[in-house]
Amino acid sequence: MKLTIRNYREQDVEEMIHIWNEVVDEGKAFPQEEFLTMETGREFFASQTLTRAAVDSETGTLLGLYILHPNNVGRCGHIGNASYAVRSGSRGLHIGEKLVKDSLEKAKEKGFAIMQFNAVVSSNIHARHLYERLGFREAGKIPGGFRMKDGRFEEIVLYYYLL
């Protein structure tokens, strides 16, 4: 597999929606509960500061994506935020790591000075280990900050990274 991370294209949107909705359906990482449709997905991905796709350049298969946008506005607008999604059958291949590294480079290029993740679910150990290995620092925890798909509440961890 030869992975290329590039800006998304209109022809990627259907597959991006599929991958995004897989994560939403799992109910253990994204706060969204509603699935994206073609209409809402087009609007959602286009509205971000940057949306990038991870593609196997040998097969053309879209394997993952991320969105990058401000975490807040005005005096806090220099803080970026990103969300990552990897196709369920392609997890464990370090695609997420490549997406995170790419997002840090692109965030800096876009003028962000800090990346902040507001709601990393405590049990999402693969994401947490990745962020910590890449140099993200824990800013704190919020007990019961995330409602799991089964209705239980779980702690969320806030992370930041100085660009």
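This note goes through the predicted model point by point, from its annotation to its cores, ring pairs and charged pairs.

1. Basis. The model is predicted, with local features taken at pLDDT of at least 70, side-chain atom pairs counted at pLDDT 80 or more, and totals for chains, interfaces and linings using all residues. Residues are numbered from 1 along each chain as its sequence is written, and side-chain values use heavy atoms, with hydrogens and water left out.

2. Annotation. UniProt, in an unreviewed entry, lists residues 3-163 as "domain: N-acetyltransferase"; such positions are given in the numbering used here, feature names are shortened, and annotations may be inferred rather than shown by experiment. The span is 29% helix and 36% strand, and its end C-alpha atoms lie 24 Å apart. Helices (H or I, at least four residues) and strands (E, at least two) are DSSP runs, numbered from the N terminus.

3. Main core. A nonpolar core here is a set of buried Ala, Val, Leu, Ile, Met, Phe, Trp, Tyr and Cys residues joined through side-chain atoms within 4.5 Å. Buried means under 20% relative accessible area, exposed over 50%, and partly exposed in between (1.4 Å probe, protein chains only). The largest core has 25 residues, of which Tyr84, Met115, Phe117, Tyr131 and Phe136 touch the most other members. Two or more residues come from each of β2 (50-56), β3 (62-70), β4, α3, β5 (114-121), α4 and β7. Helix α3 gives the most, with 5 residues.

4. Second core. A separate core of 16 residues includes Ile17, Leu36, Ala53 and Leu65. As background, nonpolar side chains tend to be buried together in soluble globular proteins.

5. Trp20 and its ring partner. The structure holds 13 aromatic pairs. Rings of Phe, Tyr and Trp (its six-membered ring) pair if their centres lie within 6.5 Å; planes under 30 degrees apart count as stacked, over 60 as edge-to-face and the rest as tilted. Trp20 and Phe45 are an edge-to-face pair, 6.1 Å centre to centre with 85 degrees between the planes. This pair links distant parts of the chain, since Trp20 is in helix α1 (residues 13-26) and Phe45 in helix α2 (residues 38-46), 25 residues apart. Trp20 counts as buried because its relative accessible area is 1%. Contact means heavy atoms within 4.5 Å; leaving out residues up to four places away in sequence, Trp20 touches Phe30, Gln32, Leu36, Phe44, Phe45, Leu65, Ile67, Ser83 and Ala85.

6. The Phe136 region. Phe136 and Tyr161 form a tilted pair, 5.0 Å centre to centre and 45 degrees between the planes. Phe136 sits in the loop between α4 (125-133) and β6 (137-147), while Tyr161 is in strand β7 (residues 153-162). Phe136 is buried at 4% relative accessibility, whereas Tyr161 is partly exposed at 22%.

7. A salt bridge is a side-chain nitrogen of Lys or Arg within 4 Å of a carboxyl oxygen of Asp or Glu, and the count comes to 14. Glu15 and Arg87 form one of them (2.5 Å, N to O). Glu15 lies in helix α1 and Arg87 in the loop between β4 and α3, so this bridge ties together parts 72 residues apart in sequence. Arg91 and Glu26 form another (2.8 Å, N to O), with Arg91 in that loop and Glu26 in helix α1, 65 residues apart.

8. A buried charge without a bridge. Glu22, also in helix α1, is buried and has no salt bridge; the nearest side chain of opposite charge, that of Arg91, is 4.5 Å away. Lys and Arg count as positive and Asp and Glu as negative, with His and the chain ends not counted. Apart from neighbours within four places in sequence, Glu22 contacts Val86, Arg87, Ser88 and Arg91.

9. Helix α3. Lys101 and Glu97 form a salt bridge, their closest N and O atoms being 3.2 Å apart. Both lie in helix α3, 4 residues apart, about one turn of the helix. Lys101 is partly exposed at 40% relative accessible area, and Glu97 is buried at 15%. Shared partners join Glu97, Lys101 and Arg133 into one salt-bridge network.
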